[in-house]
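Here is a set of questions and answers for a first look at this structure. Take them in order.

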Amino acid sequence: MIVVTGASGQLGKLVIQFLLEKIPASEIIAAVRNPEKSKELAELGVQVRQADYNDPASLNQAFKGAEKILLISSNEIGQRTAQHSAVIAAAKQAEVKVIAYTSVLKADTSPLALAGEHLETEQALKASGVPFVILRNGWYTENYTASIPAALAHNAFLGSAGDGKIASAARKDYAAAAATVLLNPVISGSIYELAGDDTYTLAEFVNEIAKQSGKAVSYVNLSQDEFAAALEGAGLPKPFAALIADSDVGVSKGALFDDSHQLSKLIGYSTQPYSTSIKIALQG
């Protein structure tokens with residue numbers, strides 16, 4: 001049995017789609033906080049079990065009979081280390097054969113503030129004694145394509161990444177990598193640095209938006225504080241705005257660049273070009 005935590009999220013749903021292409025639905029457990037919101041998975045024959053990162057008892061129940069677990073990182077920044085540790089403890093109790101964790105690119109050397117909790121989780125995995133694989137995911141291209149409507153509306157794409165190179169990939173490419181690891185034998189302790197095959201600066205990304213849309217839009221590079229303030233002005237909570245701005249500055253320090261092509265090697269095909277992701281986003 002393969003358990004996918006956070007299975008109601010965008011990445012989790014995609015991982016399950018890939019798994020369903022290779023194994024029967026009855027061999028997949030979707031661990032979700034609210035099963036009522038995952039009826040479509042149940043209709044496919046997937047076992048849907050209630051699992052809350054903040055409720056260890058629910059995790060113990062959800063992981064019964066599990067052989068492999070994909071721990072998709074929590075989106076509750078500041079709570080992740082404790083939540084992930086609870087998952088690892090439940091996985092150990094279930095005596096799983098392997099737990100795969102979605103970390104962040106270059107977690108051990110990353111300048112990103114959000115890398116801290118990822119690294120702490122990696123350390124918890126290593127100390128647990130549970131066989132593990134770490135999937136250090138780079139940025140999803142969707143993180144940037146989500147800003148296209150606002151950029152077109154205001155003729156400007158804001159950021160603070162400078163000329164930093166980004167090697168992002170589509171969310172589906174990372175999902176395919178996770179599914180591949182879950183479906184094949186692994187060497188415990190393996191760490192994959194996963195990033196897209198093509199690279200770009202935000203200025204190049206925005207130029208592609210302008211080219212494909214036929215509309216005037218330019219990249220406006222701001223200081224970290226200016227960008228955070230702009231994000232707050234757009235309605236984002238202050239802590240989240242600060243984290244996004246910090247991540248953008250991290251781009252200028254190489255945090256989201258990797259040219260090892262481990263992602264495409266793992267999945268067996270080239271990652272989706274950012275130009276294609278932009279095209280899909282513009283088509284709506």
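The axes of H9 and helix H13 (residues 274-283) come within 10 Å and cross at roughly 45°. This is a predicted model, where local features need pLDDT of at least 70, side-chain atom pairs count only at pLDDT 80 or more, and totals for chains, interfaces and linings use all residues. Residues are numbered from 1 along each chain as its sequence is written, and side-chain values use heavy atoms, with hydrogens and water left out.

Q: Are H9 and H13 parallel, perpendicular or oblique to each other?
A: Helices (H or I, at least four residues) and strands (E, at least two) are DSSP runs, numbered from the N terminus. Axes are lines fitted to C-alpha atoms, for helices over the stretch in contact, and angles run from 0 to 180 degrees between N-to-C directions. Under 35 degrees counts as roughly parallel, over 145 as roughly antiparallel, 65 to 115 as roughly perpendicular and the rest as oblique. The angle here is roughly 45°, so H9 and H13 are oblique.

Q: Is the crossing of H9 and H13 left-handed or right-handed?
A: A crossing is left-handed if the near helix is turned anticlockwise from the far one by less than a right angle, and right-handed if clockwise. H9 passes H13 in a crossing that is right-handed.

Q: How many residues of each class are in the contact of H9 with H13?
A: Contact means heavy atoms within 4.5 Å. Glu 204, Phe 205, Glu 208, Ile 209, Gln 212 and Ser 213 of H9 meet Tyr 274, Ser 275, Ile 278, Lys 279 and Leu 282 of H13. Ala, Val, Leu, Ile, Met, Phe, Trp, Tyr, Cys and Pro count as nonpolar, Asp, Glu, Lys and Arg as charged, and the others, Gly among them, as polar. The classes come to five nonpolar, three polar and three charged.

Q: How are H10 and H11 set, oblique or parallel to each other?
A: Helix H10 covers residues 224-233 and helix H11 covers residues 238-252. Their axes are 8 Å apart, at an angle of about 140°. H10 and H11 are therefore oblique.

Q: How many nonpolar, polar and charged residues are in the contact of H10 with H11?
A: From H10 come Gln 224, Phe 227, Ala 228, Leu 231 and Glu 232. They meet residues of H11, among them Lys 238, Ala 241, Ile 244 and Val 249. The contact divides into eight nonpolar, one polar and four charged.

Q: Are the rings of Tyr 144 and Phe 205 stacked, edge-to-face or tilted?
A: Rings of Phe, Tyr and Trp (its six-membered ring) pair if their centres lie within 6.5 Å; planes under 30 degrees apart count as stacked, over 60 as edge-to-face and the rest as tilted. By this rule there are seven aromatic pairs. In the pair of Tyr 144 and Phe 205, the centres are 5.8 Å apart and the planes at 55°, so the pair is tilted.

Q: How many residues apart are Tyr 144 and Phe 205?
A: Tyr 144 is in helix H6 (residues 142-145). Phe 205 is in helix H9 (residues 202-213). The pair links distant parts of the chain, 61 residues apart.

Q: Which residues do ring pairs link into a cluster?
A: Tyr 144 and Phe 205 are both buried (under 20% relative accessible area; exposed is over 50%, partly exposed in between; 1.4 Å probe, protein chains only). Ring pairs link them into a cluster of Tyr 144, Phe 157, Tyr 200, Phe 205 and Tyr 274.

Q: Is Val 32 buried or exposed?
A: Val 32 is in strand E2 (residues 28-32). Among the residues it touches are Ala 7, Val 48 and Ala 51. At 1% relative accessibility, Val 32 counts as buried.

Q: Is Thr 201 buried or exposed?
A: Thr 201 is in the loop between strand E8 (190-194) and H9. Leaving out residues up to four places away in sequence, Thr 201 touches Asp 163, Gly 164 and Lys 165. At 9% relative accessibility, Thr 201 counts as buried.

Q: What is phi of Lys 106?
A: Lys 106 is in the loop between strand E5 (98-104) and helix H5 (115-128). At 24% relative accessibility, Lys 106 counts as partly exposed. Lys 106 is not a glycine, although its phi is positive, about 55°.
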